[in-house]
Each structure stands twice: as structure tokens, then as C-alpha cells.
Amino acid sequence: MAVDLSLSWLGLEMESPLYNASGVMCRLREELDAVAASAAGALITKSCTLEAREGNPEPRYFSTPMGSINSMGLPNQGYPYYFQYAAEYDYSTGKPLFVSLSGMSLQDNLTMLQALDDLQLPCLPEVNLSCPNVPGKPQLGYDFAATAAALCAISRVYARPFGVKLPPYFDVAHFTQMAEVLNACENLRFVTCINSIGNGLVVDMDSESAVIKPKGGLGGLGGAYVLPTALANVREFSRLLDHKYVIGCGGIDSGAEAFMHILCGATAVQIGTCLHEEGVGAFSRIQSELSDIMEAKGYHALTDFRGKLKTL
Ligand code: RRO
């Protein structure tokens, strides 16, 4: 029997659980179109702000054999550009479109969500609570009270289903506290775990220098560096959240890591660093590796193993 990678969630049908992580191949219309034309099962835009932004000075992205460090600083075209894309997007392709929002303030997020609500489009917002790279702006997701207030305010202006992109958490007490905050918000229907591990530092031995320019070299880590942290966050939020979906992101560069994320409870998975390095061919490669793994294990559908991680 052939392996079936399709999934159905929030009324969306996807042929494959793989799509791009916000930030990669999604700043410009042409990049989004390339993801849509690939084997990806969905697509998401770059996090947007009210006004277009150039972002931080370059170099602001660097890859190593173990992953990546970035301090892009939210370069984007401004929300009307992405909303226009969402308005013109052909939803009949069967690939859901997610729009990532990362206002510079709660009021900016509310303004954008109100505008999105007015458009009544079939896309879904993922509100980014975890950008680590805007100098002087802490990640909202590390402030539980501010996150609770933000979710409450969002629900008042946007009564439709939405999701949030969370930073990684590293303490069991923090998983529990954040899950409580998230569970209190009814129309929050999915959480994406994880954004990059904020404020890492990669050092070049030869030049004895940081490798990126902004913030003295500090930036968000992605790729293999973050896989175990991402899996722990997916697993814990899958266990702790009531009737919400968890989308896995972090360290997926083959079918094996996609399988692990789903085994830990991810409904779908996003590809960041690997997509940046390899381009959209990564989707078909990872998809066929995931199919091979499932076939070898005798699994026919994602539901055969989703969330079924064994513990000792
Ligand atoms: O643009 C960025 O610097 C950036 C963002 Br908004 C984010 O959410 N995560 C990240 O690693 N980089």
C-alpha cells in the first residue's frame, strides 16, 4: 500500500506536511510563487510590519555545518504587499497560505489583524511572538503576562482562527505557564514551535571575529543546532495544549527529522535553514525520504505515528 502524506486540519487539506518556515523564501512574491510551485504542502509569508523595513546591516545571515545564525531584523515589504498577495493567491491549488505578522507593537499587530479580518480571505495568520533580532525589542513570548494580554486583545479584534510562532522554552515551569496562557485563548488554534534560539554567537577561528554584523554578532540559531530543543517544545506543547495544533520547526533537513517532529506531535512541519541552503528542491527530497522511512516502518499515514513518541 502506498504511503499517504496528506493531512487535514482546521478545515485545510494538505498533500504534504512540509512547508517553508517564515523568513525563508517568502519575502518577495516570486519566492512565494516558487514555494507554491514546489512540492511544499503550504506556504507562509515573511513576518510583516506596518511599514516596509530594510532590516539590519549585512552580513546578517551565516551558515555553518551545524546550522545557521541570523539577525535579519525583520526585512519585509510592509503588510499591504503580503495582504495583496493573499488577496490574489489561488486557493484552489490546495496549498493553504499563512500570513506571518510581527508588528513593532501590539497595536501594530491589532491594526494588521483588523485589516486582514476586513478582507475575509481564506488565509490564516501566524502572529510572531518571538523575533529575536530587533535591537531593543525583547521577544514577547518570554513575557507570559504580556503574551496573555496580547492574545486577549487579538481575540477581541480577530475572532477567526489564528496561530502564534513561539520562541523556544527551556524550563518545564515555562512550558506549563505558557501552555496555560495559550489554552485560555479559544480562537488560538495552532502554535508553531520553534523560532530560532535567540542571541547565539558564532565565532570564526581564523579571523577571531563574529560572523554577522548586527548586535555585536548575536543572532538566532537554526538548523541542526536547534533540533533537540525544537523536538522538546513540540512534544511538550502537544501534550499540554487542549484542542490546538502544533506545527514543528527547527532542524529538519531530511525525512528523519521531519519524522521525529511528527512523532513528537507536530501536525505539519516547516523547513527553514535547509530550505535557505538547498532551495525548493528540499521539499521533494525530504518528502520522498519521509515516505521511504514510513514505508520501511510499515506506516501508511501520518496519523499512524503522530504524537506516538515512546518514553522509557
Ligand atoms: O527577521 C528576522 O531577523 C527574524 C525573525 Br522576524 C524571526 O522571527 N526569527 C528569526 O530568526 N529572524
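Let's start with a pair of leucines: Leu-201 stands opposite Leu-218 in β14. Three bridges join β11 to β14, and the two strands run antiparallel. When I say strand, I mean a DSSP run of E with at least two residues, while a helix is a run of H or I with at least four, and both are numbered from the N terminus. Two strands count as paired if DSSP finds at least two bridges between them.

Before we go on, a word on what we are looking at. This is a predicted model, where local features need pLDDT of at least 70 and side-chain atom pairs count only at pLDDT 80 or more, while totals for chains, interfaces and linings use all residues. Residues are numbered from 1 along each chain as its sequence is written, and side-chain values use heavy atoms, with hydrogens and water left out.

Back to our strands. β11 and β14 belong to an open sheet of four strands, in the order β5-β6-β14-β11, with antiparallel pairing. β5 and β11 (197–201) stand at the edges with a single partner strand each, so one side of each has no neighbour in the sheet. On average, neighbouring strands here are turned by 40 degrees against each other, direction ignored. For angles like this, axes are lines fitted to C-alpha atoms, for helices over the stretch in contact, and angles run from 0 to 180 degrees between N-to-C directions.

At the other end of this sheet, β5 and β6 form a hairpin with two residues between them. Four bridges join these antiparallel strands. Which residue is the bridge partner of Tyr-61 in β6? It is Asn-70.

Now to the other sheet. This one is open too, with eight strands in the order β3-β16-β15-β10-β9-β8-β7-β4 and parallel pairing. Its edge strands are β3 (18–20) and β4 (43–44), each pairing on one side only. Within the sheet, β9 (residues 162–166) and β10 (residues 188–193) pair in the parallel sense over five bridges, and Lys-165 stands opposite Thr-192 in β10.

Helix α2 (residues 79–88) packs on it, touching β4 and β7 (97–101), and its direction makes about 165 degrees with that of β7. Touching here is contact, meaning heavy atoms within 4.5 Å. Helix α7 lies across β3, β15 (245–249) and β16, running at about 140 degrees to β16.

α7 also has a helix partner. Helix α6 (residues 227–240) and helix α7 (residues 255–263) pack at an angle of about 25 degrees, with their axes 9 Å apart. That makes α6 roughly parallel to α7; the naming goes by angle, with under 35 degrees roughly parallel, over 145 roughly antiparallel, 65 to 115 roughly perpendicular and the rest oblique. On the α6 side the contact is made by Leu-227, Ala-230, Leu-231 and Val-234, and on the α7 side by Glu-257, Met-260 and His-261. By class, that contact has five nonpolar, one polar and one charged residues. Nonpolar covers Ala, Val, Leu, Ile, Met, Phe, Trp, Tyr, Cys and Pro, charged covers Asp, Glu, Lys and Arg, and the others, Gly among them, are polar.

Next, the pockets. On a 1 Å grid over the protein atoms alone, a pocket is an open set of points where a 1.4 Å probe fits, with protein on both sides within 12 Å along at least five of seven lines, and lining residues have an atom within 4 Å of a point. The largest pocket has a volume of about 830 Å³, where volume is the space filled by probe spheres set on the points, joined across faces, edges and corners. It is lined by 48 residues, and Ser-22, Val-24, Asn-70, Gly-272 and Thr-273 lie nearest its centre. By class, the lining divides into 19 nonpolar, 22 polar and seven charged residues.

The second largest pocket has a volume of about 360 Å³. Of its 20 lining residues, Gly-103, Met-104, Lys-137, Pro-138 and Leu-140 are the closest to its centre. The largest share of that lining, three residues, comes from α4.

Last, some backbone details. The peptide bond from Glu-58 to Pro-59 is cis, with omega near 0 degrees, and Pro-59 is in the loop between β4 and β5. Another cis peptide bond joins Cys-193 and Ile-194, with omega about 15 degrees.
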